[in-house]
Amino acid sequence: MPRPTSQPNAPSDDDLVTRVNRGDRSALDVLFRRHREVAYRVAYRLLGNEADALDAVQDGFVNAITHLGRYGRKSSFKTWLLRVVTNASLDLGRVRRRLDSRFADGHEPYLGVADGRLPVPEANLDRADLRRSIDRALAALPEPQRTTFVLHADGGLSYQEIADALGIALGTVMSRLYYARQRLKGLLAHHVTP
Amino acid sequence: MTHPHLDPAPDDPLRDVWASAPPPRPSGTAWRKVQDGIAAELRSVRRARTTRRWAVAGLASGLAAGIVIAMLMWPRPAPTPPAVEVASDPLAEYDVLPIATESDVMVSAVRSDGIELVACDHPLPGVMPLATADEISFARVEAGGMSVPARTDAPVFVEGLDK
């Protein structure tokens with residue numbers, strides 16, 4: 001599988017990871033810059049806020065590099081990284097939800113959707129509001145569908161790469177994506193122009 | 001490809017929604033903080049691995065040294081003395097002459113004036129095989145006794161010289 005590189009003569013991810021493991025700080029800089037955006041997008045969509053997403057990215061990079069033995073270099077480093085970042089995000093999200101439910105005192109649940117449809121948006125809905133709507137819609141999906149959809153839509157992984165990352169069958173990926181899309185179209189119906 | 005769950009049409013409305021509301025971009029400072037955090041954690045992991053490697057090496061060396069010392073200090077069994085040859089029994093080829101024990105003998109003594117009568121049963125009933133005159137030959141007869149040829153060490157009863 002070709003390793004993503006930004007320039008023709010740029011070092012491959014595998015080379016960079018080997019150098020990072022030897023303590024090469026410049027290799028870490030290159031590897032981090034190459035993959036930080038996509039890792040952050042996935043983490044943000046799964047967590048709904050920037051600070052937590054950056055924490056998940058940090059945990060993800062550290063775990064992806066230090067547990068390369070489990071990765072086995074069977075897929076691309078990006079696929080492996082997004083898998084680890086996804087797990088870190090889900091773990092962090094569970095901790096946050098526990099804390100929120102402990103301190104919420106009956107307030108609105110974390111990114112919850114009261115009924116099957118999100119609140120009707122204001123006429124001049126800005127980007128932040130739309131982002132919040134997306135966050136709420138994603139939070140309303142079952143975790144497997146949400147993870148699969150985010151890895152595809154925000155992580156840019158192919159169906160096969162998602163199957164590798166999550167350890168599921170290709171057909172399961174397709175089916176999860178299908179149902180996730182159906183549900184999201186319903187939840188974001190106010191923003192979706194048919 | 002006709003799978004119903006396959007990629008959505010290019011004009012999938014969700015694409016536009018997703019594209020119009022990307023996550024907020026972190027600042028340069030935020031990225032640097034994350035990168036420094038990653039570098040620090042990796043350094044910590046490398047240090048812990050090095051320490052663990054040395055600890056394992058030290059433990060293995062100590063274990064090996066302990067085994068060697070234990071092998072050297074372990075009490076060894078005393079050397080067994082060489083087997084002493086026991087002289088063969090010269091009478092092994094003969095039947096042992098049966099001898100009565102105390103419990104086999106009932107002795108009744110009658111004492112009277114000038115008379116002492118001892119009566120008892122034969123303690124070992126049965127025939128006691130003895131050598132006959134044909135089986136004995138005298139090599140030399142002297143006044144003080146006789147000499148029997150050293151053909152055997154078996155005991156010999158002699159009834160009388162006149163026989």
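pLDDT is the predictor's confidence in each residue, from 0 to 100. I note at the outset that this is a predicted model, in which local features need pLDDT of at least 70 and side-chain atom pairs count only at pLDDT 80 or more, while totals for chains, interfaces and linings use all residues. Residues are numbered from 1 along each chain as its sequence is written, chains are lettered from A and ligands numbered from 1 in the order in which they are written, and side-chain values use heavy atoms, with hydrogens and water left out.

**Entry 1: confidence in chain A**

I looked up the mean pLDDT of chain A and found 82, with 80% of the residues scoring at least 70. Helices here are DSSP runs of H or I of at least four residues, numbered from the N terminus. Within chain A, confidence is highest in helix H7 (residues 143-153), at a mean of 94, and lowest in helix H4 (residues 68-71), at 72. I then checked residues 105-116 of chain A, where the pLDDT is below 50 and the model has 14 contacts beyond near neighbours in sequence; contact means heavy atoms within 4.5 Å. Residues 119-124 of chain A also stay under 50, with four contacts beyond four places in sequence.

**Entry 2: salt bridges**

I counted as a salt bridge a side-chain nitrogen of Lys or Arg within 4 Å of a carboxyl oxygen of Asp or Glu. The count over all chains is ten.

For burial I used relative accessible area: buried is under 20%, exposed over 50%, partly exposed in between (1.4 Å probe, protein chains only).

Asp154(A) pairs with Arg45(A), with 3.2 Å between the closest N and O atoms. Asp154(A) lies in the loop between H7 and helix H8 (159-166) of chain A and Arg45(A) in helix H2, so this pair ties together parts 109 residues apart in sequence. Asp154(A) is buried at 4%, and Arg45(A) is buried at 2%.

Glu143(A) and Arg94(A) form a salt bridge at 2.8 Å, N to O. Glu143(A) is in helix H7 and Arg94(A) in helix H5 (residues 77-103) of chain A, so the pair ties together parts 49 residues apart in sequence. Glu143(A) is partly exposed at 25%, as is Arg94(A) at 33%.

I also recorded a network of salt bridges linking Arg25(A), Asp29(A) and Asp36(B).

**Entry 3: Arg36(A)**

Arg36(A) is found in helix H2 (residues 25-47) of chain A. I found this residue buried but without a salt bridge; the nearest side chain of opposite charge, Glu37(A), is 4.2 Å away. Beyond neighbours within four places in sequence, Arg36(A) contacts Phe61(A) and Trp31(B).

How values were computed: Helices (H or I, at least four residues) and strands (E, at least two) are DSSP runs, numbered from the N terminus. Lys and Arg count as positive and Asp and Glu as negative; His and the chain ends are not counted.
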